[in-house]
Amino acid sequence: MRIEHVALYVRDLEAARRFFETYLGGTAGAPYRNETTGFRSYFLSFDDGARLEIMTRPELAEGGGQPCRGYAHVAFSVGGKQAVDELTERLRADGYEVVSGPRTTGDGYYESCVATVEGALVEITA
């Protein structure tokens with residue numbers, strides 16, 4: 001058993017795609033669009049085989065729709081403490097809010113947490 005992919009709704013699909021490609025090494029597949037509903041998405045693939053689906057629909061782009069409840073964050077392992085520190089500082093310099101860290105947490109992770117595109121939380125772990 002394995003998780004096939006995780007999905008994230010966003011208002012600005014292209015900004016989210018650029019974020020995950022630029023900072024976390026994702027590679028976007030072909031865009032998908034449902035002409036009937038206006039739903040659009042990309043699947044992003046990462047080196048280890050993990051996949052993230054980023055999605056939008058007209059109600060979100062217009063600021064409407066029901067609020068979504070769900071997962072609190074997605075975590076990306078970047079391979080070491082120095083890589084966590086470097087990526088965290090790069091994101092801070094590029095204007096993203098560093099919510100916490102870098103630090104060693106009570107459960108032993110060395111991580112930071114950054115509010116990314118539209119406030120979606122990304123943990124960067126060693």
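**View 1. Arg 51 places its charged end over the ring of Phe 43, 4.2 Å from the ring centre.** A charge sits over a ring if NZ of Lys or CZ of Arg is within 6 Å of the ring centre and within 35 degrees of the ring normal. The model is predicted: local features need pLDDT of at least 70, side-chain atom pairs count only at pLDDT 80 or more, and totals for chains, interfaces and linings use all residues. Residues are numbered from 1 along each chain as its sequence is written, and side-chain values use heavy atoms, with hydrogens and water left out.

**View 2. Strand β5 (residues 51-56) pairs with β4 and with β1.** Strands here are DSSP runs of E with at least two residues, and helices are runs of H or I with at least four; both are numbered from the N terminus. Two strands pair if DSSP finds at least two bridges between them. Strand β4 (residues 40-45) runs antiparallel to β5, joined by 6 bridges. Ser 45 stands opposite Arg 51 in β5. The hairpin of β4 and β5 has 5 residues between the strands, and Gly 49 takes a positive phi near 100° there. Strand β1 (residues 6-9) pairs with β5 in the parallel sense, over 4 bridges. Tyr 9 has Met 55 of β5 as its bridge partner.

**View 3. Strand β5 is largely enclosed by the rest of the structure, because 5 of its 6 residues are buried.** Buried means under 20% relative accessible area, exposed means over 50%, and partly exposed lies in between (1.4 Å probe, protein chains only).

**View 4. Phe 19 and Phe 20 form an edge-to-face aromatic pair.** A pair of aromatic rings is described by the distance of the centres and the angle of the planes. Rings of Phe, Tyr and Trp (its six-membered ring) pair if their centres lie within 6.5 Å; planes under 30 degrees apart count as stacked, over 60 as edge-to-face and the rest as tilted. The structure holds 7 aromatic pairs.

**View 5. Phe 20 and Phe 76 form a tilted pair.** Their ring centres are 6.1 Å apart, with the planes at 35°. Phe 20 lies in helix α1 (residues 13-24) and Phe 76 in strand β6 (residues 74-77), so the pair ties together parts that are 56 residues apart in sequence. Phe 20 is buried, at 2% relative accessible area. Phe 76 also counts as buried, at 12%. One aromatic cluster is formed by Phe 19, Phe 20, Tyr 23, Phe 46, Phe 76 and Tyr 96.
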